[in-house]
Amino acid sequence: MAKEDTPLDQGVFDSTLEAELAKGTDRRVAEGRARSAAVRAYRAANPEEAAKHEAAGAKPAAAAATGGDGGGAAAPAAAPAAAAASAPAGAPVAVAASAVTTPVREAPLPTGNVPTPKKGAADKHRLLALVPPEGIQRVEREQGDRVNVWPHLLIEEFVAMFIMLAGLTFFSVFINAPLRELANPNLTPNPSKAPWYFLGLQELLRYFHPMVAGITIPTFILVGLAAVPFVDRNPSVKPGDRKIAITLFTILFMFGGVLTIIGSFFRGPGYNWVWPWAQGVFFEL
Amino acid sequence: MKLKPPSPSDLGDRIRETEVWKSIFRPGSIFRKGYKDTSRDRALATMNNVLYHLHPVKVKRHGLKLTYTFCLGGLSFFLFILLTITGIFLMFFYRPTADIGGAQAFTDMQSIRTSVFFGDLVRNLHRWGAHLMVFTVTLHMARVFYTGAYKPPREFNWVVGVILLFLTLGLSFTGYLLPWDQLAIWAVTVGTSLAGYSPFIAKQANFLLLGGVVVGPETLLRWYTLHVIALPFVLVIFLAVHFWRIRKDGGISGPL
């Protein structure tokens with residue numbers, strides 16, 4: 001839309017320009033201020049004409065947004081015509097002019113209430129945010145060699161799951177879980193053993209005071225395990241760089257395993273030593 | 001006009017075009033019509049499925065290698081699901097009472113073995129699965145140690161894992177008492193006798209565990225409640241944190 005199209009109040013324009021120049025404002029700035037004041041004064045004086053003007057200005061934009069279908073067909077035709085009219089003055093002028101003629105929207109003051117959408121407003125809206133550079137978190141991660149979870153990992157997991165389920169079902173069909181006679185607090189079986197995962201501790205009872213074997217050592221194991229990542233500060237995961245850690249863990253793990261096996265299979269009546277192949281196994285799951 | 005019944009594949013297509021089907025299976029689901037074996041649809045299959053959603057869309061290739069994880073964490077989780085299902089089944093037929101008049105807990109165990117349809121098999125699955133879970137969780141911990149997967153930023157997840165190991169042992173041990181046979185009460189008597197040696201709070205600790213001075217009906221009720229609701233509840237919370245942290249800490253550790 002060309003500059004000439006905008007109606008303005010000439011009197012206001014002249015007086016404002018004079019006042020601005022008297023203040024020592026640069027001529028180009030002063031003209032701009034005078035023009036905007038004049039346009040606003042004109043619109044204030046002729047509200048109905050201003051509304052019509054605004055509608056005309058908004059129409060091409062709306063038509064362009066909807067792709068110019070149906071009813072908006074006339075409006076897009078008007079836009080190139082207006083552009084053509086200003087063409088002799090040069091493209092940059094046309095751009096500047098359209099900027100000036102864009103209807104000024106008086107935004108309401110913020111109320112703090114949830115805004116209600118205007119009638120007939122489009123359902124979609126765009127959000128534009130300015131993010132200061134310091135607000136951007138830069139994540140640097142090498143893409144690496146990655147594969148889709150579906151199907152590669154999931155197939156593997158399902159196969160593992162079904163193999164285990166099949167094995168467990170097969171085992172359960174043929175081997176019954178033990179169920180002995182009714183509990184009798186007055187009849188202590190010999191030997192009486194804890195569940196297998198505690199037999200390492202029960203074995204320790206043979207060598208240490210119950211407080212050490214039953215309280216101190218288990219607490220030490222649990223706290224020690226939880227503390228592992230805070231004690232081992234070696235950042236490498238390569239087995240070659242972790243000889244001490246791996247050796248220590250393996251020794252302790254084996255130690256626990258051996259104690260559990262001894263408690264399970266090598267202890268018989270009176271919790272005395274037995275050879276499982278000679279005196280039999282005193283172990284129940 | 002003669003009406004011809006639709007062929008099975010035609011019928012399948014028609015069902016998959018219905019609004020109901022499309023409302024259940026989100027876009028990208030492998031059950032939806034038009035699933036293509038493309039990177040995009042594979043990604044959607046993972047993102048839009050509540051079960052696969054535990055996983056990221058992509059994982060490091062070395063994580064697929066069986067000898068890296070041995071599937072131990074996943075199998076432990078699956079065993080937990082299996083134990084929950086079989087455990088719920090057993091709860092329908094079991095009363096945790098062992099009064100002087102009659103030990104319902106024990107007689108219920110007997111009837112689960114003899115009169116309940118599939119009762120014996122489900123009970124076996126529950127018992128053997130529980131032992132296996134202690135085993136897989138322990139091995140999972142060893143695997144995580146040997147691959148150095150507890151190193152930064154995964155320190156806290158290792159601690160959560162130790163708590164989960166402790167809870168697994170607690171679940172297994174509380175379940176051990178429930179059959180109320182000679183094996184159960186004496187194993188628990190041996191196991192809990194150690195609590196009587198705790199410093200300063202020996203008596204209190206013992207009473208807290210047993211609900212009395214010896215293993216009795218109160219202990220049974222107490223351990224039953226711990227076994228079927230209290231400990232699983234706590235375990236699920238830690239499990240959620242455990243899985244969430246795996247994702248947040250960058251997925252599977254390594255490669256070595």
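## Basis of the description

The model is predicted, so local features require pLDDT of at least 70 and side-chain atom pairs count only at pLDDT 80 or more, whereas totals for chains, interfaces and linings use all residues. Residues are numbered from 1 along each chain as its sequence is written, and chains are lettered from A and ligands numbered from 1 in the order in which they are written.

## Chain A

Chain A contains 10 helices and 1 strand, where helices (H or I, at least four residues) and strands (E, at least two) are DSSP runs numbered from the N terminus. Their order along the sequence is α-α-α-α-α-β-α-α-α-α-α. Of the 285 residues in chain A, 13% are buried; a residue is buried if 20 or more other C-beta atoms lie within 10 Å of its own, exposed if 12 or fewer, and partly exposed in between, with C-beta atoms placed from the backbone.

Three domains are assigned to chain A: domain 1 (3-101), domain 2 (148-177) and domain 3 (186-279). These bounds come from an automatic or database domain assignment. The centres of domain 2 and domain 3 of chain A, taken over C-alpha atoms, are 29 Å apart. Among contacts in chain A between residues at least 6 apart in sequence, 49% join residues at least 24 apart; a contact requires C-beta atoms, placed from the backbone, within 7 Å.

## Chain B

Chain B comprises 11 helices and 1 strand, arranged as α-α-α-β-α-α-α-α-α-α-α-α along the sequence. The C-alpha trace of chain B spans about 80 × 60 × 30 Å along its principal axes.

Buried residues account for 36% of the 256 residues of chain B. Among contacts in chain B between residues at least 6 apart in sequence, 61% join residues at least 24 apart.

## The interface between the chains

In the interface, 59 residues of chain A are in contact with 69 residues of chain B. On the chain A side, the elements that give two or more residues are β1 (146-148), α6 (149-174), α8 (210-231) and α9 (243-265). Helix α6(A) supplies the largest share, 15 residues. The chain A side divides into 38 nonpolar, 11 polar and 10 charged residues; Ala, Val, Leu, Ile, Met, Phe, Trp, Tyr, Cys and Pro count as nonpolar, Asp, Glu, Lys and Arg as charged, and the others, Gly among them, as polar.

Strand β1(A) also pairs with strand β1 (residues 58-60) of chain B, in the antiparallel sense and over 3 bridges; pairing requires that DSSP finds at least two bridges between two strands. Within this pair, Val147(A) stands opposite Val59(B).

## Nonpolar cores

A nonpolar core is a set of buried Ala, Val, Leu, Ile, Met, Phe, Trp, Tyr and Cys residues joined through C-beta atoms within 7 Å. The largest has 58 residues, and Trp180(B) and Ala184(B) have the most contacts inside it. Its largest share, 10 residues, comes from helix α7 (residues 119-146) of chain B. A second, separate core of 6 residues includes Leu17(A), Ala34(A), Val39(A) and Tyr42(A).

Leaving aside neighbours within four places in sequence, Ala184(B) is in contact with Ala183(A), Tyr176(B), Leu177(B), Leu178(B) and Pro179(B). Trp180(B) lies in the loop between α8 and α9 of chain B and counts as buried because it has 25 C-beta neighbours inside 10 Å.

## Local backbone geometry

Most residues other than glycine have a negative phi, and most peptide bonds are trans. Trp180(B), although not a glycine, has a positive phi of about 60°. Tyr271(A) likewise has a positive phi, near 55°. Tyr271(A) is placed in the loop between α9 and α10 (276-279) of chain A and is partly exposed, with 18 C-beta neighbours inside 10 Å.

The peptide bond from Trp150(A) to Pro151(A) is cis, with omega near 5°, and Pro151(A) is found in helix α6 of chain A. The bond from Gly254(B) to Pro255(B) is cis, with omega near 5°; Pro255(B) belongs to the segment after α11 (217-248) of chain B.

Technical notes. Two residues are in contact if their C-beta atoms, placed from the backbone, lie within 7 Å.
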